[in-house]
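Here is a short report on one protein chain. Keep the sequence and the 3D view open while reading.

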Amino acid sequence: MTSGESADGRAGIDAALVERLIAAQFPQWRGLPVRPVAVDGWDNRTYRLGQDMTVRLPTAAGYVPAVEKENAWLPVLAPYLPVPVPPVLGKGEPGEGYPYDWSVRGWLDGETATTPDRIGDLTGFAVVLGGFLRALQDIDPAGGPAAGAHSFHRGAPPAYYDGETRAALAELDGLVDTKSAAAVWDAALAADFTGPPVWFHGDIAGGNLLVKDGRLAAVIDFGTSGVGDPACDLVISWTLFSGESRAAFRRTVAKDPGTWARARGWALWKAAISMVQFRETDPALAAEHGRVIGEVLADAESADAGPTDAP
C-alpha cells in the first residue's frame, strides 16, 4: 500500500537505523549509502541501499508475516511471470532496537503508475497487466498461503469487511448514492466464489506497478498475496482504467460476472473507507475516492442492463 512521500523517521524507522542493521547483519554491504525512496509505502518503510538494492522494514507487527511469505514465494513465482518482481537478496532479523524481521530486495527501476500520464498507451498497458494477472493465476497454487489474516483477507470473501463497509456508507449518506452502493455491496456478498483457488497479488494498484518508458516494467509489494479468489486484483479497473482501457483489461482477464460483482465490492469497500478517512484532512484525495465509487456504481448499472461482464 503506497502512502506517498514522507519524512524520514516514520514509525520510528530512519536511515541511521537501517545503516546499523546492515552493518550488523550484512557486513558485505556496510558503508553503502542508505536513503529513503522518493515514494514510500505504508505497510513498510523502504530505503535504497547503494544503487542496486532496497531495504524494507515493516512498520507494525501485522505486516511482519509478509517478510517470510515474500522470501519464500517470490523466487517461486518470478520465473513464470512476464514482468520482473522484487528479487530476494536477504532476510534481516530484529536488532538495534528494531523489533521485526525485515528484508533486502533487488532494486527495480521505474516510476509508479499512479497517474495515467506516465503510461504511453493505457489500453496496451491494461492488456499487459491483465496478462500478468492471468500468468500469476496460472501458477500452481499447491502449498501457497491460503487467503486470511496475512493477506488482510484479500482473496477471501469480502464479507469480512461487511460491518466496516456499511458503517462507512452510513457516514457518506448524502455525499454518494448510498442506496445504489449498498446494492452493489449486497451483490458482492451474494456472488460466492466457486472456482478453484488461484494465486492473487492482493494490492494491484498504481503504487505497486512500475513504469519505464511508458510501459509496465515491474510489479512490486506482494505482502498481501496468497491463494484464493482473484477478484480483489480487479479493483484497478476503476481506479486507473476507463473507457477502452477498462474494456481491454476486462477482455484480457476474462472473468465471469460473479467475479466482477465481488471486484466491485472490493473497490467499493476501499473507496468508501478511504473517503471517510480523508474527507476532513485531504478533500482532494477524498474526492478521488468518491470518483471511484461513482465509477463502480455506473459499472454495476451497466452490468445490470446487459451481459457486459461475460469474458
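Start with alanine 149, which counts as exposed at 58% relative accessibility. The model is predicted. Alanine 149 lies in the loop between α3 and α4.

## Two residues with positive phi

Most residues other than glycine have a negative phi. Histidine 153 has a positive phi of about 65°, although it is not a glycine. The loop between α3 (122–138) and α4 (162–171) holds histidine 153. Is histidine 153 buried or exposed? Histidine 153 is buried, because its relative accessible area of 17% is under the 20% cut-off.

Aspartate 213 also is not a glycine, and its phi is positive, near 55°. Aspartate 213 sits in the loop between β10 (209–212) and β11 (215–219). Its relative accessible area is 76%, so aspartate 213 counts as exposed, the cut-off being over 50%.

## Nonpolar cores

In soluble globular proteins, nonpolar side chains tend to be buried together. The largest nonpolar core here has 59 residues. Which of its members touch the most other members? They are Phe125, Phe132, Leu209, Phe249 and Ile293. Helix α8 (residues 257–278) gives this core its largest share, 10 residues. A second core is separate and has 17 residues, including Ala15, Leu17, Val34 and Trp102.

Look at leucine 209 in detail. Leaving out residues up to four places away in sequence, leucine 209 touches Glu111, Thr112 and Ala113, among others. Its contacts also include Phe125, Leu129 and Ile204. Leu216, Ala218, Val219 and Ile236 are on the list too.

Helix α5 covers residues 178–190, 13 residues in total. From its first C-alpha to its last it reaches 18 Å, close to the 18 Å expected at 1.5 Å a residue. Which residues of α5 are buried? They are Thr178, Ala181, Val184, Trp185 and Ala188. These residues lie on the same side of α5, because they cover an arc of only 115° around the axis. An α-helix has 3.6 residues a turn, so residues three or four places apart point the same way. On the other side of α5, Lys179 and Ala190 are exposed.

## Cavities and a pocket

Rolling a probe the size of a water molecule over the atoms shows where empty space is left. How many cavities of 30 Å³ or more does a search of the whole structure find? It finds 2. The largest cavity holds about 70 Å³ of space. Its lining includes Asp43, Asn44, Arg56, Gly62, Tyr63, Pro65 and Ala66. His150, Phe152, Asp221, Gly223 and Thr224 line the largest cavity as well.

The second largest pocket holds about 580 Å³ of space. It is lined by 31 residues, and Val37, Val39, Thr46, Leu210 and Ile220 are the closest to its centre. Two or more lining residues come from each of β2 (34–36), β3 (40–41), β4 (44–49), β5 (53–58), β7 (102–106) and β8 (111–112). Strand β4 gives the largest share of this lining, 3 residues.

Conventions:
Residues are numbered from 1 along each chain as its sequence is written. This is a predicted model: local features need pLDDT of at least 70, side-chain atom pairs count only at pLDDT 80 or more; totals for chains, interfaces and linings use all residues. Side-chain values use heavy atoms; hydrogens and water are left out. A nonpolar core is a set of buried Ala, Val, Leu, Ile, Met, Phe, Trp, Tyr and Cys residues joined through side-chain atoms within 4.5 Å. Buried means under 20% relative accessible area, exposed over 50%, partly exposed in between (1.4 Å probe, protein chains only). Helices (H or I, at least four residues) and strands (E, at least two) are DSSP runs, numbered from the N terminus. Contact means heavy atoms within 4.5 Å. The expected span of a helix is 1.5 Å times one less than its number of residues. The arc is that of the directions from the helix axis to the C-beta atoms. On a 1 Å grid over the protein atoms alone, a cavity is a set of points where a 1.4 Å probe fits but cannot get out, and a pocket is an open set with protein on both sides within 12 Å along at least five of seven lines; lining residues have an atom within 4 Å of a point. Grid points are joined across faces, edges and corners, and a volume is the space filled by probe spheres set on the points.
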